[in-house]
Amino acid sequence: MTRDSRNRFIWVCLFGLSMGYFEASVVVYLRGLYSPGGFQFPLTPLETLNPIHVAVELGREAMSILMLLSVAMLAGRRPLERFIFFIGAFGVWDIFYYVFLYVSLGWPPSLATWDLLFVLPVPWIGPVWSAAVLALLFIVTAIVHLRLEDAGRPLKPTPAEWAVAIAGALIIVYSWCYEGIEVVKGAMPHPYPWWLWLAGTGMGIAALVNAIRRARNRNER
Amino acid sequence: MTRDSRNRFIWVCLFGLSMGYFEAAAVLYLRGLYAHGFPEYPHTPYSVCTQLHRAVELGREAMSILMLLSVAMLAGRRPLERFAFFICAFGVWDVFYYAFLYLAVGWPSSLATRDVLFLLPAPWVGPVWSAASLAVLFVVATFIYLWLHDSGRPLDPTLAEWAVAIAGALVIVYSWLSGGKGAVPYAYPWWIWLIGTAMGVAAFGSTIQRSFNTEKMRPRA
């Protein structure tokens with residue numbers, strides 16, 4: 001990896017770390033307000049929450065995406081590199097969010113703990129491991145991309161590889177969303193359909209590995 | 001201004017906007033936890049907060065600086081440009097923090113409202129206008145820096161100009177630190193703020209004047 005790429009990657013990681021802390025601090029205060037005895041399912045019914053807090057949380061989810069997008073646009077020089085920095089920052093943010101929350105509240109007690117992962121456009125719920133493992137994969141993907149690019153063998157996913165990766169991502173999102181609305185209304189979540197997550201993640205990894213294989217087979221630039 | 005500079009300026013501003021929202025959300029929830037006895041004041045007297053929340057807030061102040069620093073390092077190509085983007089992101093963050101808080105809870109009720117601006121190493125207390133007007137100056141200064149640089153007249157502050165600007169900044173910080181000692185009724189030493197700000201503006205004005213007096217360089221590609 002060149003010095004320039006390494007520096008940008010390090011600063012993106014430091015940004016993700018600080019964003020993870022910001023997110024964790026907001027959640028510490030929210031739990032102080034609504035779950036002082038500890039966060040668990042079933043969730044506090046939506047109608048009992050302060051409507052301003054609900055609106056602010058919905059806005060904050062959107063602002064998280066804008067924040068990651070702005071950093072990715074500043075860090076990357078090309079569209080694919082910007083996407084890579086976006087998921088890299090996303091991954092570091094997500095992991096440090098759980099780390100800082102564990103340090104301050106001792107939560108999550110295990111990787112199997114259920115969490116409300118995202119709320120737009122519908123609530124996403126799943127065990128912590130399902131988000132944390134993907135976050136790690138995002139970081140690894142970013143490192144692989146930067147290494148290959150600086151070695152003169154940039155990743156150039158084909159439309160088919162993009163299609164498989166996006167389909168895999170949609171399957172994972174479905175595994176989180178399919179009963180999110182009922183759970184937010186107070187229902188207990190059913191066992192997590194880990195096989196859907198595995199299928200979606202497998203598709204993403206297959207598309208990435210195929211793109212890496214093609215990049216390695218190309219003559220060095 | 002070149003397209004590249006304009007784009008980076010816009011993304012840094014969008015980042016500052018999203019960071020302002022995050023800050024406003026954290027303060028809104030803290031206010032929900034502690035502000036019942038202090039409705040005129042978004043930050044509760046420090047001693048009232050739990051030890052955990054005090055530690056989290058101190059950490060968040062430090063993480064704010066790391067977050068701004070990482071964005072500035074990613075946005076800037078040269079040391080002075082990184083400094084310019086740092087103060088720009090800081091300025092947009094600060095202005096939108098107040099804007100979002102006003103939208104959510106109608107606070108601050110006026111620009112003269114007292115606020116706790118920062119916590120490290122001791123609370124910085126001042127009226128909203130004293131922070132907001134500096135924030136606007138930071139954004140304007142960055143815009144002028146980029147515009148002059150891309151017009152072939154890069155700013156190159158002398159050591160004396162840096163010294164005057166830093167001394168001015170310290171004078172302003174003193175005006176805020178002296179307001180944190182809890183005097184009632186609170187009288188902000190605005191004349192100290194004015195002296196510090198004038199020193200900063202004078203140093204910046206002098207740098208701009210010198211850049212116009214030197215031979216114009218080839219505009220940036």
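Predicted model: local features only at pLDDT ≥ 70, side-chain atom pairs only at ≥ 80, totals over all residues.

What share of the contacts in chain B with a separation of 6 or more comes from residues 24 or more positions apart? The share is 69%.

**Make-up of chain B**

- Chain B contains six helices and two strands.
- Along the sequence these elements follow the order α-α-α-β-β-α-α-α.
- Chain B has 221 residues, of which 40% count as buried.

**Packing of α2 and α3 within chain B**

- Helix α2(B), residues 51-75, and helix α3(B), residues 79-105, have axes that come within 8 Å and cross at roughly 135°.
- This angle makes α2(B) oblique to α3(B), and the crossing of the two helices is right-handed.
- On the side of α2(B), the residues that meet α3(B) are Leu68(B), Leu69(B), Val71(B), Ala72(B), Met73(B) and Ala75(B).
- Their counterparts in α3(B) are Arg82(B), Phe85(B), Phe86(B), Ala89(B) and Phe90(B).
- By class, this contact consists of 10 nonpolar residues and one charged residue, with no polar residues.

**Contact between chain A and chain B**

- Chain B contributes 28 residues to the contact between the chains, and chain A contributes 29 residues.
- On the side of chain B that touches chain A, the elements giving two or more residues are α1 (3-34) and α2 of chain B.
- Of the elements on that side, α1(B) gives the most, with 15 residues.
- The residues of chain B on that side comprise 22 nonpolar, four polar and two charged.

**Packing of α2(A) with α2(B)**

- Helix α2(A), residues 51-75, packs with α2(B) at an angle of about 35°, and the axes of the two helices are 8 Å apart.
- The crossing of α2(A) and α2(B) is left-handed.
- Val71(A), Leu74(A) and Ala75(A) of α2(A) form the contact with Val71(B), Leu74(B) and Ala75(B) of α2(B).
- This contact holds six nonpolar residues, no polar residues and no charged residues.

**Helix α7 of chain A**

- Helix α7(A) covers residues 194-217, which is 24 residues.
- From its first C-alpha to its last, α7(A) reaches 34 Å, close to the 34 Å expected at 1.5 Å a residue.
- The buried residues of α7(A) are Trp197(A), Gly200(A), Thr201(A), Met203(A), Gly204(A), Ala207(A), Leu208(A) and Ala211(A).
- An α-helix has 3.6 residues a turn, so residues three or four places apart point the same way.
- The buried residues of α7(A) pack against α4 (128-150) and α5 (159-177) of chain A.

**Cis peptide bonds**

- Most peptide bonds are trans.
- In chain A, the peptide bond from Trp107(A) to Pro108(A) is cis, with omega near 5°.
- Pro108(A) lies in the loop between α3 (79-105) and β1 (114-118) of chain A.
- In chain B, Trp107(B) and Pro108(B) are joined by a cis peptide bond, with omega about 5°.
- Pro108(B) is placed in the loop between α3 and β1 (114-118) of chain B.

Definitions and conventions
Residues numbered from 1 in each chain as written. Chains lettered and ligands numbered in written order. Axes fitted to C-alpha atoms, helices over the stretch in contact; angles between N-to-C directions. Helix = DSSP H or I, 4+ residues; strand = E, 2+ residues; numbered from the N terminus. Parallel < 35°, antiparallel > 145°, perpendicular 65-115°, else oblique. Left-handed = near helix turned anticlockwise from the far one by under 90°. Contact = placed C-beta atoms within 7 Å. Nonpolar A, V, L, I, M, F, W, Y, C, P; charged D, E, K, R; others polar. Buried ≥ 20, exposed ≤ 12 C-beta atoms within 10 Å, placed from the backbone. Expected span 1.5 Å × (residues − 1).
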